[in-house]
Amino acid sequence: LQVAMAALLLPSDKLAYEGYITCGVNDCHIKITVPAGGKLCDARFECDWKLARLLLGSMEDVEQRLSRSCDVSSFLNKLTELLDGQLKHQMCSVSPPPPRPPSYYQHLCRDIEAVGWQRMVHIDPTFQDLQIKATYACTLCVHAYMQQLPPQI
């Protein structure tokens, strides 16, 4: 895990620490707002949906760790410890998706042939992440279209 934070002064004597924490391959936005007086026991923790999903069921623990921390850096250390545990738990509990039927892959290959294999930028080994390159005739602009297919349920 990597943490990048910056202190921001807000109106009404509030102090906010805002930045990103890298969890796995995701950069997650976090913000800690400390009210006038600078006590973390009254601070507010905010995060984006990706981190909230990772911390699902642990937000009370996060708030408790924030209120008991002596400063923001010690809280961030505690948060990274918690996230390390959550990531390890997720990695252990995630099982690979069951294989899809052959008809799924036949249909997917027909669709890719219709678009053109030459436009494929990337296909991951599980065929869940596809990236297609599109070039507009009127410009030299190239766009990559990325599609993540849902795992089979």
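Mentor: Start with the cut-offs, then: buried means under 20% relative accessible area, exposed means over 50%, and partly exposed is in between. Keep in mind that this is a predicted model.

Trainee: Fine. Is R65 buried, exposed or partly exposed?

Mentor: R65 has 24% relative accessibility, so R65 counts as partly exposed.

Trainee: What does R65 pair with?

Mentor: R65 forms a salt bridge with D61, and the closest N and O atoms are 3.3 Å apart. D61 is at 26% relative accessibility, so D61 counts as partly exposed too.

Trainee: Where do D61 and R65 lie?

Mentor: Both are in helix 2, which covers residues 59-68. They are four residues apart, about one turn of the helix.

Trainee: How many salt bridges does a search of the whole structure find?

Mentor: Two. Besides D61 with R65, the side chains of E46 and R44 meet in a salt bridge, at 2.6 Å from N to O.

Trainee: And the exposure of E46 and R44, buried or partly exposed?

Mentor: Partly exposed in each case: E46 has a relative accessible area of 30%, and R44 has 48%. The value for R44 is under the 50% cut-off, so R44 does not count as exposed.

Trainee: Switching to rings. How many aromatic pairs are there?

Mentor: The count comes to two aromatic pairs. In one of them, the rings of F45 and F75 have their centres 5.8 Å apart and their planes at 70°. Planes over 60 degrees apart count as edge-to-face, so that is the label for this pair.

Trainee: Which parts does the F45 and F75 pair tie together?

Mentor: F45 lies in strand 4 (residues 44-47) and F75 lies in helix 3 (residues 72-93). The two residues are 30 apart in sequence, so the pair links parts separated by that much of the chain.

Trainee: What about the pair formed by Y104 and Y105, stacked or edge-to-face?

Mentor: Edge-to-face, with 5.1 Å from centre to centre and 85° between the planes.

Trainee: And how do Y104 and Y105 come out on accessibility, buried or partly exposed?

Mentor: Partly exposed. Y104 is at 22% relative accessibility, and Y105 has a relative accessible area of 29%.

How values were computed. Residues are numbered from 1 along each chain as its sequence is written. This is a predicted model: local features need pLDDT of at least 70, side-chain atom pairs count only at pLDDT 80 or more; totals for chains, interfaces and linings use all residues. Side-chain values use heavy atoms; hydrogens and water are left out. Rings of Phe, Tyr and Trp (its six-membered ring) pair if their centres lie within 6.5 Å; planes under 30 degrees apart count as stacked, over 60 as edge-to-face and the rest as tilted. Buried means under 20% relative accessible area, exposed over 50%, partly exposed in between (1.4 Å probe, protein chains only). A salt bridge is a side-chain nitrogen of Lys or Arg within 4 Å of a carboxyl oxygen of Asp or Glu.
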